[in-house]
Amino acid sequence: MTKIIDQCTTLDNQYNVTNSINLANELIKLEITDTHKLISFDIKDLYVNIPIQETINIAQKRMAKNNDPQKTQQIIKLLKVILEQNYFSFRQQIFQPTQGVAMGSPISGLIAELFLQHFEEIHLKYILDAKKITYYTRYVDDILIIYDSAKINAQDIDTYINSIHSNLKLKITHEEQGSINFLDLTITRNQNKLEIDIYRKPTATDTTINFLSNHPIEHKMAAYRYYIDRMHALPLDESKKRKEWQTIQRIGKNNNVPTQLLKKLNKRMQQKTRPPTDKKANEIWATFTFHSPKIRAVTNIFRNSNIKIAFKTAETTQKIIKPHRQNPTSAYEKSGIYKLTCKTCKKAYVGQTRRNLRARHQEHTRYIKNNDPRSAYALHILNNKHEYGTMEETMTLLKSIDKQTLLLPTEQLYIQTLHGNNELIPEQIPNEPNPLFEPLQIPHL
Ligand SMILES: [Zn+2]
């Protein structure tokens with residue numbers, strides 16, 4: 001769908017930059033004067049502020065220009081369905097905001113672009129033509145502007161840009177001593193030219209995958225491959241390049257990467273001209289889980305084939321920190337085998353239910369209150385004058401079961417297991433143990 005809309009709306013990305021390397025190479029060619037100044041804007045909470053209906057209207061207008069009415073209508077209808085699926089649940093409640101596109105949805109980026117490029121088209125051409133602003137570029141929600149301070153001041157730009165749309169709030173950053181940080185670049189005015197350096201956020205920890213950890217070497221070196229590639233691709237002068245190479249080696253050292261290995265990688269990447277990014281048509285990728293380097297005994301078989309190997313690791317942080325989906329209340333909404341414990345003698349009754357546990361507990365309680373020994377549990381409480389309790393105090397889900405045919409045999413298995421552990425109320429003790437269940441005894445009960 002994203003692809004189709006992208007094709008139909010034909011966004012021209014006129015004021016966009018695809019990455020910092022392209023931006024840097026563009027910037028160093030610019031001629032500036034000493035009245036030129038740099039500012040950047042950061043769009044606040046872009047995704048959550050996109051007005052849905054308005055953006056659909058923008059998309060519709062664009063599409064109508066290049067497509068027949070029927071196609072436009074059908075695609076807009078689908079787009080509406082997608083964008084209105086922006087509900088989410090939080091603490092068992094469901095919310096649906098009136099604006100905003102879903103974070104992480106594959107279509108959100110395009111929708112944001114549709115919205116922003118619409119306003120760039122309306123407003124930017126005029127300002128750029130008036131030559132008050134010399135340069136404008138945007139990367140997603142970050143904007144870089146070079147303006148002529150002899151013709152306009154930053155305050156006016158700020159006021160103007162913030163008045164374009166009530167959903168667009170932009171935060172301005174001014175240059176400091178002729179320098180501004182934008183994306184991963186530090187851009188500095190030096191007479192009538194701009195100079196580029198690599199910018200690392202003060203919060204950057206410089207932590208990469210530790211070289212001593214159990215990861216495939218490809219993963220461990222990926223960060224360094226990226227750093228070294230960027231170092232060569234950016235138009236850095238010799239001293240800045242040297243400084244960056246020192247930084248890369250220091251980061252490597254802190255993460256136990258052998259310096260020799262980095263030097264080898266650097267040499268190899270220097271010799272290699274930047275490879276074309278288009279993939280070979282007959283390449284197939286296969287993913288293997290990397291438990292230890294021994295996996296290469298298998299993957300090396302494909303070395304001279306058109307099958308490319310990628311690795312994933314099994315022990316992820318997500319696996320450790322992910323909260324358990326099951327919350328304590330929801331067990332009572334399930335059907336299956338349950339246990340009811342007597343508050344006085346601590347012995348238990350095992351039951352099965354096709355409905356949820358909550359409803360079944362209410363029934364047992366009603367039997368007891370009505371002096372009706374219809375279940376073995378009610379009989380036990382009534383005969384012995386033992387104490388019964390609330391659902392939370394006495395009822396436990398032993399096994400959730402949806403398949404009806406499994407209810408009875410599973411119940412029997414649990415009755416026998418509890419009986420074997422001397423945990424069952426005498427009113428429920430089975431006549432004869434079923435030998436079929438002997439090998440199945442549940443150890444943790
Ligand atoms: Zn009891």
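These are my notebook entries on a predicted model of one chain, taken from its overall form down to two pieces of local packing.

**Overall form**

I then checked the extent of the C-alpha trace, and along its principal axes the trace spans about 100 × 55 × 45 Å. For the radius of gyration I noted 33 Å, whereas a compact globule of 445 residues would have a value near 22 Å. Buried residues make up 21% of the 445 residues in the chain. Turning to contacts between residues at least 6 apart in sequence, I found that 63% of them join residues at least 24 apart.

**Nonpolar cores**

Next I asked which residues touch the most other members of the largest nonpolar core. That core has 33 residues, and the ones I wrote down are Ala 24, Leu 27, Ile 145, Ile 187, Ile 196, Tyr 224 and Ile 248. Another core, of 19 residues, lies apart from the largest one, and Tyr 349, Leu 357, Tyr 414 and Ile 425 are among its members.

**The sheet S7-S8-S9**

I then looked at an open sheet of three strands, which has the order S7-S8-S9 and antiparallel pairing. Strand S7 (179-182) and strand S9 (193-198) each have a single partner strand and stand at the edges, so one side of each is left without a neighbour in the sheet. Neighbouring strands of this sheet are turned against each other by 25° on average, with direction ignored. For the pairing of strand S8 (residues 185-190) with S9, I noted six bridges between these antiparallel strands. One position I marked there is Asn 190, which stands opposite Lys 193 in S9.

**Helices H12 and H13**

My last entry concerns a helix pair, and I kept in mind that two packed helices are described by the angle between their axes and the distance between the axes. How do helix H12 (residues 357-369) and helix H13 (residues 376-384) cross, and within what distance do their axes come? The axes come within 9 Å and cross at roughly 40°, and the crossing of H12 and H13 is right-handed. On the H12 side the contact is made by His 364, Tyr 367 and Ile 368, and on the H13 side by Tyr 377, Ala 378, Ile 381 and Leu 382.

Definitions and conventions:
Residues numbered from 1 in each chain as written. Predicted model: local features only at pLDDT ≥ 70, side-chain atom pairs only at ≥ 80, totals over all residues. Pairing = 2+ DSSP bridges. Helix = DSSP H or I, 4+ residues; strand = E, 2+ residues; numbered from the N terminus. Axes fitted to C-alpha atoms, helices over the stretch in contact; angles between N-to-C directions. Rg over C-alpha atoms; globule rule 2.2 N^0.38 Å. Buried ≥ 20, exposed ≤ 12 C-beta atoms within 10 Å, placed from the backbone. Contact = placed C-beta atoms within 7 Å. Core = buried A, V, L, I, M, F, W, Y, C linked by C-beta atoms within 7 Å. Left-handed = near helix turned anticlockwise from the far one by under 90°.
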